[in-house]
Amino acid sequence: AWSGISLEAVLYDEKGKSVDVLSGYISGDVAPGESTEFKISSSTCGKENRVVQFATYKLKIKNAHGKF
């Protein structure tokens with residue numbers, strides 16, 4: 001199982017320009033092949049009180065700890 005999973009999502013507009021970066025963390029265990037829900041957030045979203053419009057995104061696993 002994996003635990004302590006750090007995530008990053010980069011949001012892109014229709015021209016491929018990066019418009020925001022979001023981050024999140026999954027603290028529980030996730031077994032290989034298992035699905036889990038998580039929430040990611042932007043550090044600027046609350047400050048500007050805006051909703052970022054985006055066309056696509058790339059989700060990255062930045063860090064995770066294995067429990068085998």
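**View 1. L7 and I61 across a strand pair.** In this predicted model, L7 lies opposite I61, a residue of β4. Strand β1, made up of residues 2–12, pairs with β4 in the antiparallel sense. Nine bridges join β1 and β4.

**View 2. The four-stranded sheet.** The sheet is open, and its strands run in the order β3-β2-β1-β4 with antiparallel pairing. Its edges are β3 (40–41) and β4 (56–66); each has a single partner strand, so one side of each lacks a neighbour in the sheet.

**View 3. The aromatic pair F54 and Y57.** One aromatic pair turns up in a search of the whole structure. The ring centres of F54 and Y57 are 6.5 Å apart and the ring planes meet at 75 degrees, so the pair is edge-to-face; the angle cut-off for that class is over 60 degrees. F54 has a relative accessibility of 42% and therefore counts as partly exposed, a class that lies between the limits of 20% and 50%.

**View 4. The chain as a whole.** One helix and four strands make up the secondary structure listed for the chain, and along the sequence they follow the pattern β-β-β-α-β. Of the 68 residues in the chain, 25% are buried. The accessible surface of the chain is about 5200 Å², and carbon and sulfur atoms account for 51% of that surface. Among contacts between residues at least 6 apart in sequence, 59% link residues at least 24 apart.

Terms used. Residues numbered from 1 in each chain as written. Predicted model: local features only at pLDDT ≥ 70, side-chain atom pairs only at ≥ 80, totals over all residues. Heavy atoms only, no water. Helix = DSSP H or I, 4+ residues; strand = E, 2+ residues; numbered from the N terminus. Buried < 20%, exposed > 50% of the residue type's maximum accessible area, 1.4 Å probe, protein only. Contact = heavy atoms within 4.5 Å. Areas by Shrake-Rupley, 256 points an atom, 1.4 Å probe, with all protein chains shown as cover. Pairing = 2+ DSSP bridges. Phe/Tyr/Trp six-rings, centres within 6.5 Å; stacked < 30°, edge-to-face > 60°.
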